[in-house]
Amino acid sequence: MAHGIGHGLPGSGRIHVPHVPHLHVPGDHHFRMAKTSSLYEQGDGHGEGEGTAQGSSTNLGYQEKARMLRERRKSQIVHHVEDYVSRQKFILRLAKALLSFGAPSHRIESQLHSAGEILDVHVTFVHLPNLIMVTFMDTDTRTSETHFVRAGGRVALTSLHKVHLVYRDVLHDKIGATEGCEQLKRILQARPLYDIWTRCMLAFFCASIICVLSFGGSIVDMFVSGVSASVLQYLGLNAASKSSIYANVYEISVSIVVSFIARLLGTLPGNIFCYSAISSAGVVLILPGFTILISALELTSRNILCGSVRMVYAIIYTLFLGFGLTIGSDFYLLVNPHARHNLAATAMLDSETFHGHILNSNTSLPLSDLGGTFTFMETADSGSSHIIKGCYRNPAWPWYRQPFPWWTMLFLVPIYSTCSSIANLQAIRSVQLPVMVAFSCAAYAANKGANYLISDRGDIVSAFGALIIGLCGNIYSRVVGGTAFTSMVTGVLFLVPSAIGNGGGLIQNYSSSAQQYSSSFELGIRMIQVAIGVTIGLFVAQILVYALGRRKNAAHFAF
């Protein structure tokens with residue numbers, strides 16, 4: 001038999017194996033995949049040699065089968081094998097899509113590495129803010145090819161969910177790399193879900209509700225802050241996107257205008273409006289809370305370069321906002337000097353003034369008689385102060401000048417969560433939307449309950465809310481198969497203004513320029529504390545969910 005095969009002579013009635021000469025080809029990728037898939041296709045025999053193949057596969061030991069299964073997991077693309085250029089193109093387009101739609105930056109490298117390993121592409125990545133350097137390496141010719149993928153954009157939840165579905169389908173061998181490229185191209189070229197006017201209306205509702213929930217505003221304050229936020233959104237989407245010169249001073253100019261209008265209304269006779277609530281809620285949409293959270297997550301993930309750059313940028317950005325708010329307030333006080341008297345009178349509303357003398361009735365203590373005017377003020381620690389989150393609220397005032405009662409949270413929190421999700425470009429007719437709202441309400445309830453128990457620690461309070469939403473999002477991804485990141489974004493963004501509002505709003509009263517900058521620094525420190533608490537809560541939740549069970553084949557797509 002061996003002699004006949006070696007000389008190409010036909011055997012006398014025996015079985016020939018014509019594919020034996022091809023088994024010695026080195027690096028044959030198709031042979032490796034056929035070998036690993038034989039564990040799952042043992043019933044497909046080849047001619048008369050079926051009995052021999054089945055006998056050899058059944059005689060394999062447990063260690064050999066386990067090794068072949070691990071080899072199968074490393075290279076899972078069996079049904080949609082495509083050329084090297086198509087796989088390269090898919091990785092580049094995936095990197096651009098993740099940058100364009102606001103994917104969690106500390107997870108981008110791990111996702112791209114998983115895609116490169118499963119698609120069998122030798123590639124390395126270097127991630128910088130708004131930039132990914134992709135280097136493809138050819139081990140045969142010892143050459144490399146470097147691509148720079150640059151993109152920037154805001155969070156777009158529906159598009160990000162679609163990108164994750166395409167990523168998962170390609171890595172799970174449901175579609176090929178070429179079809180995945182075409183789907184990513186359609187997602188990148190699609191127009192935004194909502195026009196400018198719809199997004200301005202959503203900004204009005206978000207700022208109005210957050211003014212009541214987090215900053216102690218009344219029903220008259222919420223409409224003013226909503227109008228300010230809608231104007232801010234229009235300028236950001238229209239004017240700042242068309243003019244590169246105005247885009248550099250967009251945040252400062254908007255904060256100056258909002259603070260000027262808030263101070264004008266806050267110093268009117270009668271104390272109808274609250275300056276702190278209007279100014280804080282008017283600019284809450286441009287707070288860098290999400291940026292600080294992402295930077296804290298990157299630093300925790302040992303991505304020092306991107307994390308430190310984003311952290312410093314967010315702190316300086318916060319100083320710009322605080323500077324703009326104080327400049328707007330001072331400018332109005334300069335234009336209208338009488339407003340200072342109204343401001344001083346507002347500060348003395350929660351006080352009692354007495355005229356008379358203090359007589360010494362105790363002869364053991366040498367105390368001379370004191371006479372004059374004495375003012376006694378309630379402090380926030382006394383428990384009887386009428387200042388609620390930076391706003392004075394007299395119980396004798398009518399209902400439209402009072403903060404909302406606690407039971408209004410039962411419908412205001414779901415409304416805000418819905419509007420915030422839609423403002424982040426989430427489709428209305430989707431299964432993800434009610435999931436986002438439910439997770440956001442659970443996080444707010446946990447945050448509110450922890451705030452009653454621990455009122456002076458914003459980081460610990462935020463960690464409780466982040467732990468709840470992290471558990472909900474990761475369990476939803478693990479059990480149901482949804483996208484964890486997009487379902488958690490709304491709740492995580494809700495934690496930042498809530499924690500800042502518990503500290504008294506964005507801006508406090510000051511008497512000197514040094515206090516002005518210290519107030520801005522305190523705002524930045526508070527935001528960093530909130531981000532650290534949220535980071536710890538999210539990582540603990542992920543450990544609790546993914547500590548048990550089988551390992552994920554693709555990378556995590558969560559916070």
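A: Strand β2 (residues 131-138) and strand β3 (residues 143-150) run antiparallel and are joined by eight bridges. This model is predicted, with local features needing pLDDT of at least 70 and side-chain atom pairs pLDDT 80 or more, while totals for chains, interfaces and linings use all residues. Residues are numbered from 1 along each chain as its sequence is written, and side-chain values use heavy atoms, without hydrogens and water. Strands here are DSSP runs of E with at least two residues, and helices are runs of H or I with at least four, numbered from the N terminus; two strands pair if DSSP finds at least two bridges between them.

Within this pair, Met137 stands opposite Ser144 of β3. Four residues separate β2 from β3 in a hairpin, and Arg142 in the turn has a positive phi of about 55°.

Ile132 and Val134 are among the residues with the most contacts inside the largest nonpolar core, which has 75 residues. Such a core is a set of buried Ala, Val, Leu, Ile, Met, Phe, Trp, Tyr and Cys residues joined through side-chain atoms within 4.5 Å. Buried means under 20% relative accessible area, exposed over 50%, and partly exposed in between, with a 1.4 Å probe and protein chains only. Helix α5 (residues 84-100) gives this core its largest share, eight residues. Leu94 touches Leu112, Ala115, Val163, Tyr167 and Leu184, leaving aside residues up to four places away in sequence; contact means heavy atoms within 4.5 Å. A second, separate core has 17 residues, including Ile294 and Val435.
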